[in-house]
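Here are a few exercises to work through with the model open beside you. Try each task before you read its solution.

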Amino acid sequence: MFRNVLRSTSTTAAMAAGAAAVFTGANFMSSQGSEKVSECADNTVVGLLQGLTRKLSNIEAVLGTLDTKPPPPKKHGIDIVLGAQWGDEGKGKLVDMLSQEYDVCARVAGGSNAGHTIVVDGVTYKFHLLPSGILNAEAICLIGNGVVVHLPSFLKELDALETQGISYKGRVFISDRAHLVFDFHQAVDGALEQRLGRNKIGTTKKGIGPAYASKISRNGVRVGDLKNWEYFEQRFRALAEHHMRSYEGLEVDIEGELAYYKSVSERISGMTRDTIGLTNKKYNEGKKILVEGANATMLDIDFGTYPYVTSSNPSVGSVLTGLGVSPRKLNGIYGTVKAYCTRVGEGPFPTELDISVGIGHHLANVGHEIGTTTGRSRRCGWLDIPQLKYSVAINGFTSLNLTKVDVLTGLPNIKLATKYKYKGEYLSTMPASLSQLQDVEVEFETLPGWTEDITRCKTFDQLPVNCQNYILRIEHLSGVPIRWIGVGPNRLDVIDRGEEFESLE
């Protein structure tokens with residue numbers, strides 16, 4: 001896993017072997033006129049080291065220089081930041097940090113149901129549809145074909161950023177194949193949720209599910225349709241009328257809606273592109289591309305706790321289908337993991353704690369666990385290793401970004417969920433059955449906590465020993481190296497352990 005570290009270790013071993021040969025009297029190198037170590041005038045440690053240095057020079061002269069070169073540079077490819085739990089893990093912060101070195105930042109799935117909060121120099125930026133890489137003035141931002149776009153919310157988000165001094169013109173492009181979310185999609189979303197009553201899913205009511213339903217039903221309307229007004233109008237009328245027939249009591253102001261979209265069509269068309277062609281062109285030019293995932297694996301329509309999921313695939317597969325790139329072009333796959341677990345909405349949550357008291361209250365209060373998009377309190381619990389390993393299996397993470405470790409500071413003991421047991425049998429993976437998942441018996445490991453402030457730590461070695469042990473235990477159990485460690489709320493409160501903590505093949 002830690003291939004680069006092993007390479008470095010092998011190099012050190014080779015050098016040590018050469019030194020051993022010197023000390024055991026390998027005098028065949030003496031043709032270069034070097035003295036034997038035993039002939040050093042200074043028999044101190046310093047003198048011995050100086051003699052060793054001379055002998056190593058002789059070895060290199062005859063055998064060639066030992067391979068002490070740094071590891072080869074990371075191969076060119078598309079890097080991806082994904083959520084490994086139930087969302088709200090802190091993906092946007094890593095994207096913001098990484099995006100300063102990327103030329104293209106992209107969203108590939110979901111819609112304005114996503115939420116990322118970034119704090120820069122005391123200024124808070126909230127993102128819902130835009131990649132948070134927009135804060136890098138040198139990067140362009142793409143909304144891929146897999147995203148569903150509510151244009152009023154999208155334009156409001158752009159305008160809000162502009163008032164905060166962030167220029168977006170000429171830097172934000174929407175796929176002509178991306179489907180549109182209309183207000184009546186949002187109305188239907190809310191009505192369906194209300195109709196479910198006690199069995200509600202916990203949707204954000206942003207119209208995401210109904211918009212994807214229109215897409216799959218093949219009666220949806222796409223961003224690119226705005227370039228042909230007659231065609232757009234025809235498609236919109238048909239879709240609105242279909243919804244009014246299907247949902248009793250739903251009323252759509254068709255003429256008013258058409259007037260709005262006519263008024264913004266020129267502005268939107270100026271940002272509309274064939275993002276599939278654009279993305280692959282940028283890749284072929286050698287540009288660095290970063291994908292910002294939305295939501296998370298346990299909310300995936302296929303892999304998550306169905307039906308308590310989102311309506312898209314926020315796992316690694318969405319990069320291919322939502323951006324239009326080959327799997328051979330992918331490189332780093334970075335899973336973002338909170339140091340504990342949270343989720344918004346309904347559904348099973350095996351390690352959940354009561355957030356009104358005790359440790360649950362500590363996590364919710366110290367972690368400020370309020371949803372960026374919904375404003376709802378997040379449910380909190382201990383870090384769930386079986387769930388994390390399931391996410392690792394699906395996404396093939398090359399490294400992890402462990403966030404909000406500082407929130408655990410002050411807890412006397414910290415638990416890690418390590419195994420699920422159901423009716424006396426250990427489970428090897430996350431069960432598809434929600435009733436089974438809801439009734440699993442969770443086994444925990446307990447590790448000692450720490451009280452030291454870690455927000456000023458800049459390297460792993462500066463962390464308290466108990467904190468280090470907690471991180472290393474997660475690394476061991478998950479089987480994935482942890483490269484980034486979040487130690488505070490601010491933009492730069494992240495320890496980066498370096499590229500050697502990536503298991504790239």
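This is a predicted model: local features need pLDDT of at least 70, side-chain atom pairs count only at pLDDT 80 or more; totals for chains, interfaces and linings use all residues.

Residues are numbered from 1 along each chain as its sequence is written, and side-chain values use heavy atoms, with hydrogens and water left out.

**Exercise 1. Find the salt-bridge partner of Glu-369 and Lys-404's place in the chain.**

Step 1. The side chains of Glu-369 and Lys-404 meet in a salt bridge at 3.0 Å, N to O (a salt bridge is a side-chain nitrogen of Lys or Arg within 4 Å of a carboxyl oxygen of Asp or Glu).

Step 2. Glu-369 sits in the loop between H11 and E14, and Lys-404 in the loop between strand E16 (399–403) and strand E17 (413–422), so the pair ties together parts that are 35 residues apart in sequence. Helices (H or I, at least four residues) and strands (E, at least two) are DSSP runs, numbered from the N terminus.

Step 3. Lys-404 is partly exposed, with a relative accessible area of 22%.

Step 4. Now widen the view: Asp-88, Lys-338, Glu-369, Arg-378 and Lys-404 are linked in a network of salt bridges. The structure holds 18 salt bridges.

**Exercise 2. Describe the salt bridge of Arg-483 with Asp-496.**

Step 1. The closest N and O atoms of Arg-483 and Asp-496 are 2.8 Å apart.

Step 2. Arg-483 belongs to strand E20 (residues 482–486) and Asp-496 to strand E21 (residues 494–496), 13 residues apart.

Step 3. Arg-483 is buried at a relative accessible area of 9%, whereas Asp-496 is partly exposed at 39%.

**Exercise 3. What does the side chain of Arg-171 reach, given that this residue has no salt bridge?**

Step 1. Locate Arg-171 in the loop between helix H4 (151–163) and strand E7 (172–175).

Step 2. Arg-171 is buried, and the nearest side chain of opposite charge, Glu-138, is 7.8 Å away. For charge, Lys and Arg count as positive and Asp and Glu as negative; His and the chain ends are not counted.

Step 3. Look at backbone oxygens instead: a polar atom of the Arg-171 side chain lies 2.8 Å from that of Ile-134 and 2.9 Å from that of Ala-139.

**Exercise 4. Which residues have the most contacts inside the largest nonpolar core?**

Step 1. A nonpolar core is a set of buried Ala, Val, Leu, Ile, Met, Phe, Trp, Tyr and Cys residues joined through side-chain atoms within 4.5 Å.

Step 2. The largest has 69 residues, and Leu-408, Leu-463, Tyr-470, Ile-474 and Ile-485 have the most contacts inside it. Helix H14 (residues 465–478) gives the most to this core, with five residues.

Step 3. Leaving out residues up to four places away in sequence, Leu-408 touches Ala-339, Tyr-340, Leu-363, Ile-414, Trp-450 and Tyr-470 (contact means heavy atoms within 4.5 Å).

Step 4. A second, separate core of 52 residues includes Tyr-125, Leu-151, Ile-254 and Ile-268.

**Exercise 5. Is helix H3 (residues 91–98) largely enclosed or exposed, and why?**

Step 1. Seven of its eight residues are buried, so helix H3 is largely enclosed by the rest of the structure.

Step 2. The buried residues of H3 are Lys-91, Gly-92, Lys-93, Leu-94, Val-95, Asp-96 and Leu-98.

Methods: Buried means under 20% relative accessible area, exposed over 50%, partly exposed in between (1.4 Å probe, protein chains only). A polar contact is a pair of N or O atoms within 3.5 Å; within protein, one must be able to donate a hydrogen and the other to accept it, and residues adjacent in sequence count only if both atoms are side-chain atoms.
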